[in-house]
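Q: Could you take me on a close look at one part of this structure, the nonpolar core, and then at a helix packing beside it?

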Amino acid sequence: MGKTAGIIIKIALPLVLGGAILYWMYRDFDFKCIEQVVTREMDWTWMLLSFPFGIMAQVFRAWRWRQTLAPIGEHPRQSTAINAIFLSYAASLLVPRIGEFTRCGVLRQYDGISFSKAIGTVVTERAVDALFILTLTAATLLGELQMFHVFFDKTGTNLDTILHRFSPTGYAVTAICAVAALGLIHLLLKKLTIYNKVKSTFGGIWQGVKSLRYVDSIPRYLLLTVGIWASYFLHYYLTFFCFDATAHLGVTCALVTFVVGSVAVIVPTPNGAGPWHFAVKTMLILYGVADESALYFVLIVHAVQTMLLVALGVWAWIALALTKKRINNPLTH
């Protein structure tokens with residue numbers, strides 16, 4: 001009973017958290033304007049042009065994953081790796097963070113890849129991505145210091161007026177997100193502790209982690225990493241041109257809000273729903289976007305990009321159902 005309750009809590013808590021933040025943000029919002037924007041005001045051309053970059057980000061991730069698996073003797077088919085990534089993102093919409101296990105399970109089931117080794121490479125991948133985002137965040141903040149100074153000087157805005165734009169509920173939401181992020185870190189550390197108790201599993205994970213040292217081409221690995229995040233950024237940035245309220249903001253604003261949104265999705269909710277909306281909407285307001293316009297921007301963009309993840313997940317599910325399994329040396333995996 002205790003184990004079942006724990007599973008239910010892990011599934012329900014992110015949904016409740018994300019739902020609560022969305023409810024608070026949109027509790028007084030007139031959703032009739034969304035229909036007007038979607039059907040008459042949006043430029044869907046830019047939204048459609050953003051889709052290939054969202055897809056390529058996942059394809060690049062699959063290519064990079066295969067590169068880290070190769071040094072430890074694991075060689076999944078390219079199509080299987082790509083479909084595993086597609087399916088993992090769709091699965092994470094139902095249960096946050098389950099995608100890491102889903103994609104490793106797919107490789108195990110269809111190509112006989114060691115689950116523990118695959119998990120190890122995922123740990124490495126997450127560490128590399130975290131380092132990349134931290135570096136990008138630091139560079140963006142440093143690069144924007146002068147812009148913020150000019151912005152505050154010309155508009156007469158100061159820190160006090162910015163802080164006054166947040167209601168007590170806004171502060172509460174920020175605090176809840178921070179606590180949830182800390183809880184996730186604790187949970188991940190706890191899971192790693194459990195892994196450590198199983199020697200064979202830990203050995204496989206460690207091999208996966210070390211695989212980065214032996215990839216056939218570090219420049220290619222770094223290029224794929226840049227390709228992943230450049231694709232994510234373009235997938236997001238092009239949506240600015242869909243709306244009159246954001247089309248004029250430029251690449252700098254897009255980069256700042258992209259970084260803030262990328263950090264916000266650390267909070268474990270389905271596809272960052274709630275924390276992402278809150279973080280990006282807040283930054284858009286600071287760039288001069290009206291509150292209502294910022295709200296429909298984050299709602300529409302997040303909803304459409306989530307639907308793309310669902311579509312790719314369905315595609316992967318069908319493709320894998322038609323894929324012939326290739327199990328090599330199953331006893332050793």
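A: Happy to! A nonpolar core is a set of buried Ala, Val, Leu, Ile, Met, Phe, Trp, Tyr and Cys residues joined through side-chain atoms within 4.5 Å, where buried means under 20% relative accessible area (1.4 Å probe, protein chains only). The model is predicted, so local features need pLDDT of at least 70, side-chain atom pairs count only at pLDDT 80 or more, and totals for chains, interfaces and linings use all residues. Residues are numbered from 1 along each chain as its sequence is written, and side-chain values use heavy atoms, leaving out hydrogens and water.

The largest nonpolar core has 43 residues, and Phe240, Phe243, Leu284, Tyr296, Phe297 and Ile300 touch the most other members. Several helices (DSSP runs of H or I, at least four residues, numbered from the N terminus) each supply at least two of its residues, including α1 (2-26), α12 (275-286) and α13 (291-321). The largest share, eight residues, comes from α13. Apart from this core lies another, of 23 residues, among them Ala62 and Leu312.

Now follow α13 to its partner α4 (residues 78-94): the two pack at about 130°, with axes 8 Å apart. Axes are lines fitted to C-alpha atoms over the stretch in contact, and angles run from 0 to 180 degrees between N-to-C directions. In the contact (heavy atoms within 4.5 Å), α4 brings residues including Phe86 and Leu93, while α13 brings Leu312 and Trp315, among others.

Conventions:
Buried < 20%, exposed > 50% of the residue type's maximum accessible area, 1.4 Å probe, protein only.
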